[in-house]
Every structure is written in structure tokens, then in C-alpha cells.
Amino acid sequence: LIHLLSIEGLPRDVVTNILDTAGTFLSVNDREVKKVPLLRGKSVFNLFFENSTRTRTTFEIAAKRLSADVINLDIAKSSASKGESLLDTIANLSAMHADMFVVRHSESGAPYLIAQHCAPHVHVVNAGDGRHAHPTQGLLDMYTIRHFKKDFTQLSVAIVGDIVHSRVARSDIHALTTLGVPDIRAVGPKTLVPGDLKAMGVRVCHTMEEGIRGADVIIMLRLQNERMSGAMLPSAGEFFKNYGLTDDKLALAKPDAIVMHPGPINRGVEIDSAVADGTHSVILPQVTFGIAVRMAVMSIIAGNEA
Ligand code: CP
């Protein structure tokens, strides 16, 4: 593995190795992330052309825990605003001896373009491209599910909300399928759930009653308003009434169901505060696991495994 651009097509043993490696970076109680010298002397460039709180920060922490030098390019203050192209930016950063680019971009495929044009020793990690893929989110979601549920092959997983615009949903579905989850459900209104999911073996449900009943894992997604316009935008109140996760709706799932969300959450739109802050929620552990999973990805693609 030289780059991580998508989970689609990754063999199961590669996915499992990433999760196992992530586990080695966490302490026994899974709360502390170790510092190791695996990327000492390497330069990791964080290039976030789209906003981020969790992904950018946890990549920075992960690279520092691997002892790398980390450069966060402030895109808004960079010469991209003066018309410098993406590839010219990459060429110039490469001349500064970059070893790894972590790239988030609103255009699907931007990290692929960079991977095609950078030097062979440089590694690229996709930190979310358009509505296409968010592979490290998919992997940290799998780490979280395995942590709480152990065996993928017995699970019912419901992914709820704005699936059509969600790179997280796509990466989760590829990962869940690769790891052998037998029952994957996509739950939401017809306008927000793509029909082609059925061809991927996903059950499409348009009511929460059908979609959540008996689920072991519920992954809530926010409305990605930045990718919608005009008539497509559902009203927040209507959406919450039909698809917002409340304690009443959560009671349809298994009693020990876990509730996940990649963040940012919109309280009162796709999730009620009582659920987001409740005992079933593993939303904040997801964030912590993201550090270890990103350490695993970076150390594996750099060829310096734990
Ligand atoms: N889950 C996620 O990608 O969050 P950020 O947009 O804050 O990075």
C-alpha cells in the first residue's frame, strides 16, 4: 500500500491489518495514544482545501505521535488564492522534501490527481474528497465497531440520513462489506438515498421503523447542506420528525446498540441531544480511535509498521 485513496478494492487482510496496527498504538484502556519513532525524519503536509475539525486535528496529532514533522498549510492564506494550481502547489511543496500529503478537497478525485503526479517516494492519504470517499473515517468507524461489537459477521448496521452526498457512507459501506457484515441498511428519504445501493447488497429503507429495528449499530449522518441547493434541501424540522434519532426511535434497535456519528453533529436535526450524549453514544470514542487509526495508515503506507 503506497497511498490510501479509497477503501473500495482493499483486501480484507489489509483492512484488518490497519485495525490491528491501530490497536498497538492504544494503551490497554484505549484512552491513551502512544508516542513512537516510526516516522522520525519524515515531513507530513496537511493540505485541507475544505474545512475540518476532527480529521485535520487527529491527522496532526497522529503524525506527531509518530514523531514526524508536521506542516499544516493554511490554504486560505496560501498562494492558491493567487491562482496557483493544485499541481503547482504540490510541486512546490515536494521541492520542500514532503514525504506525505494528507489531502481534503471538495472535488472528488483531487487526491488521485496528486498521487498520479507526485514523486514515487511520496505518499498520499485521502482525508475526504467531495462526495466520493473518506477512507480513514471508514476505517476508524470499523475500529469502533470492532471495539464494541467484536464480530462483524453477525451484525446489522443502519446508516441513516443524507447518504447520497456522504463520502463517509460510501467508505463505511465498502468497509462493512469487505469485513463481512451481513445486514447493511441505508435509511433516509428517497431524495437522499441513492437507488444503486441495492446493487451493492445494501437494504434501502425509507422509514426509521424498518431501518432501525433490531440494529446493532446505528451510524447517523448530518444533512450536507453545502452539497445541496434549492428544492433539494429538506426542512430541518421535518427531517428531525421523520429521521432524527430520539430515544423513542432508538428503542427499536437492539438494547445494546451503539450510536455513531462522524461529526460534526447537528443537534435537533439528525440527532437528539439525549441520544448524542446518552449511554449508547460512542461518538467521542470514535474521535479518539481516529488518532490511532490514522497513525496506522501513515506508518503502513510509509513502510514503517509497528
Ligand atoms: N468526520 C469528519 O470528517 O469531521 P471533520 O469534517 O471535522 O474533519
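**Helix packing and loop geometry in the predicted chain**

Helix H5 (residues 135-149) packs against helix H11 (residues 283-301) at an angle of about 120°, and their axes lie 8 Å apart; axes here are lines fitted to C-alpha atoms, for helices over the stretch in contact, and angles run from 0 to 180 degrees between N-to-C directions. The model is a predicted one, in which local features need pLDDT of at least 70 and side-chain atom pairs count only at pLDDT 80 or more, whereas totals for chains, interfaces and linings use all residues. Residues are numbered from 1 along each chain as its sequence is written. Helices (H or I, at least four residues) and strands (E, at least two) are DSSP runs, numbered from the N terminus.

The crossing of H5 and H11 is right-handed, a crossing being left-handed if the near helix is turned anticlockwise from the far one by less than a right angle, and right-handed if clockwise. On the H5 side the contact involves Thr-136, Leu-139, Leu-140, Asp-141, Tyr-143, Thr-144 and His-147, which meet Pro-285, Gln-286, Phe-289, Gly-290, Val-293, Arg-294 and Val-297 in H11; two residues are in contact if their C-beta atoms, placed from the backbone, lie within 7 Å. The residues of this contact comprise seven nonpolar, five polar and two charged, where Ala, Val, Leu, Ile, Met, Phe, Trp, Tyr, Cys and Pro count as nonpolar, Asp, Glu, Lys and Arg as charged, and the others, Gly among them, as polar.

Helix H11 also packs with helix H1 (residues 12-24), the axes coming within 8 Å and crossing at roughly 115°, and the crossing of H1 and H11 is right-handed. Ile-18, Thr-21 and Ala-22 in H1 meet Ala-292, Val-293, Met-295, Ala-296, Val-297, Ser-299 and Ile-300 in H11, and the contact divides into eight nonpolar residues, two polar and no charged.

For the protein chain, the secondary structure comes to 11 helices and nine strands. The radius of gyration is 19 Å, close to the 19 Å that the globule rule gives for 306 residues, so the chain is as compact as a globular protein of that length; the radius is taken over C-alpha atoms, and the rule is 2.2 Å times the number of residues to the power 0.38. Buried residues make up 47% of the 306 residues, a residue being buried if 20 or more other C-beta atoms lie within 10 Å of its own, exposed if 12 or fewer, and partly exposed in between, with C-beta atoms placed from the backbone. Of the contacts with a separation of 6 or more, 78% are accounted for by residues 24 or more positions apart.

Gly-263 and Pro-264 are joined by a cis peptide bond with omega of about -5°, and Pro-264 lies in the loop between strand E9 (258-260) and helix H10 (273-276). Ser-67, in the loop between helix H2 (54-65) and strand E2 (69-73), has a positive phi of about 70° although it is not a glycine, and Ser-67 is partly exposed, with 14 other C-beta atoms within 10 Å. His-97, in the loop between helix H3 (86-94) and strand E3 (100-105), likewise has a positive phi, of about 65°, and counts as exposed with 11 C-beta neighbours inside 10 Å.
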